[in-house]
Amino acid sequence: MRNKITFSDLVDRIANETGASRQLIHNLLKELVTVVNEGLLSDGKVSITGLGVFGLKWRAARQGINPQTGEAIEIPAQNRVYFNAEAALRRFINRKYEHIKSEIIVDDIKQSSPINKPKDSFSWIKGRTLIWSAVLLGLLLIVMVRVFSIEKQQRYPVPQLEAKITVSRDDVAKTEKKPRRYPVPQPEVFVESTPQVSETAKQKPVDPARLPDEVQTSTAQTEVADKTEAEATPMESMSDKALSVGKEKRRPFPELENNVAETRTEDTEPESIKKSSPVPKPDFLAASEGNSGSVHHIRRGDRLWTIAKFFYTDPFLWPNIYRVNSEVIENPDVLEVGKPIYVPPLEGRAGNLSQNDMMDIIEGYVRVYLAYRRLGNINAPYFLWVATKQNIPEVLGRYKDSIVELDRRFIQNIRGSVQIR
Amino acid sequence: MTGSELIKRLAERLGRPQREIRGLLKSSTGIFKKTLGVDFSFTIPKLGTFGTHMRHKRKAYNPHYKKFVVLPSKRVVFFHPSSVLKDRIKDIKGGNEE
């Protein structure tokens with residue numbers, strides 16, 4: 001009760017507020033007291049609006065202690081005055097603390113009874129289990145990531161070709177610029193090419209006697225036709241080497257009297273292809289019997305691609321030509337000028353091929369794949385993929401044994417590929 | 001005794017119209033409220049002392065829910081009756097029994 005106002009001061013304030021005289025207010029408050037007394041005595045309750053309620057409460061008799069002597073005193077039963085402030089007054093007085101709400105204490109270890117929760121020195125660690133578990137999980141994750149990242153690198157091995165012939169671009173450049181020490185004898189005679197035969201025209205038989213002997217000399221120094229457009233390999237200088245290798249094995253033209261297929265040597269073909277079913281042989285004599293294929297003598301600048309484009313109007317069908325001439329042509333990229341090749345006929349046209357045509361062409365692609373595989377061309381698997389894409393399993397079944405497992409897997413990884421059964 | 005009856009009696013004793021007494025009483029209670037609002041206490045002689053107490057923040061226990069609660073601090077109004085008043089009502093046996 002630090003701050004007090006005297007009664008007279010209070011009266012003055014009320015008088016100032018209302019405008020009435022001090023005497024009146026003084027009397028008012030005095031009378032108020034007596035009226036309250038009367039009310040308490042008669043009714044036991046007096047309520048003043050804006051202030052509160054005065055009331056009486058009966059207290060029963062109780063024992064007390066004399067504080068000085070310490071003796072017990074009996075306090076008799078009696079009335080007691082109480083005052084309950086009005087709600088508005090209470091709220092007004094407590095207006096600063098009205099918004100504060102009571103909080104429930106959740107984990108106050110001190111408050112709990114010592115019997116239920118004995119004092120525990122490791123409680124501070126238990127409260128931090130979350131932190132420990134998070135740290136362990138983090139470590140675990142890091143370890144797992146490292147482990148699985150290592151495995152990933154070793155998952156896909158790079159396929160290695162068996163007979164890999166590497167030629168660097170520098171070597172190619174060197175060979176081209178190298179000056180020749182001896183004069184190059186120019187080929188004197190080109191073999192006359194037969195006129196381009198239409199499908200309906202009959203086939204002339206190739207008379208070996210008619211072929212001039214100069215053809216043989218020209219083979220000694222053949223001019224290499226450019227590679228086909230389909231392949232873009234850095235193997236241009238390979239042609240020299242390939243020709244030099246096959247020179248001893250090359251058959252001279254007088255053998256064309258007999259069927260070329262019958263003189264097929266066993267050295268050229270690998271064993272895997274021998275097992276497969278017989279390839280349609282380039283039967284030049286059979287062509288004369290009304291077969292509407294044609295024989296084409298290779299000219300300078302010819303490629304299988306351009307030949308196919310002329311005969312079939314679709315250059316992508318060139319493997320069909322290679323199929324029948326696979327004994328004659330060692331490398332599809334390398335064509336010898338003057339050599340005759342047999343261009344087989346198609347049952348349908350380029351945009352409208354029959355089933356037999358498709359089978360022939362697919363077989364051609366497979367044979368091209370095998371040839372490239374033998375030579376070490378890195379684009380070989382794509383030819384196999386083309387063959388599989390058409391999804392004619394009978395053709396592929398014939399060559400199943402010769403298809404390498406590595407290529408099979410390589411193809412299956414390409415989008416849109418078909419299973420090789 | 002209700003407030004209107006109080007005013008009637010006051011008007012009777014003072015010889016003033018009731019509406020005047022009503023107004024005066026209202027403004028006087030207003031003054032009381034204001035003084036209490038700024039934590040000033042005042043005494044009306046032979047009645048008692050009106051004032052405010054501060055109940056500070058404290059921990060309490062709810063035995064039903066068996067939980068401890070922090071009760072916020074608050075300010076309350078008190079009335080200490082004067083000894084005259086206490087003596088006067090002491091011996092009345094017709095009062096409210098507990």
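**Entry 1: ground rules.** I count two strands as paired if DSSP finds at least two bridges between them. Helices (H or I, at least four residues) and strands (E, at least two) are DSSP runs, which I number from the N terminus. This is a predicted model, where local features need pLDDT of at least 70 and side-chain atom pairs count only at pLDDT 80 or more, while totals for chains, interfaces and linings use all residues. Residues are numbered from 1 along each chain as its sequence is written, chains are lettered from A and ligands numbered from 1 in the order in which they are written, and side-chain values use heavy atoms, leaving out hydrogens and water.

**Entry 2: the four-stranded sheet.** I started with β1 (residues 41-44) and β2 (residues 48-55) of chain B, which pair antiparallel over three bridges. B:F42 has B:F50 in β2(B) as its bridge partner. I then found that they belong to an open sheet of four strands, ordered β1(A)-β1(B)-β2(B)-β5(B), with mixed pairing. Its edges are β1 (4-5) of chain A and β5 (74-81) of chain B, each pairing on one side only.

**Entry 3: the three-stranded sheet.** Next I looked up another open sheet, with antiparallel strands in the order β7(A)-β4(B)-β3(B). Here β7 (103-105) of chain A and β3 (58-62) of chain B are the edge strands. Neighbouring strands of this sheet are turned by 35 degrees against each other on average, direction ignored; the axes are lines fitted to C-alpha atoms, and angles run from 0 to 180 degrees between N-to-C directions. Five bridges link β3(B) to β4 (residues 67-71) of chain B, and I noted B:A60 opposite B:V69 in β4(B).

Entry 4: I saw β4 (residues 62-65) and β5 (residues 72-75) of chain A pair antiparallel over four bridges.
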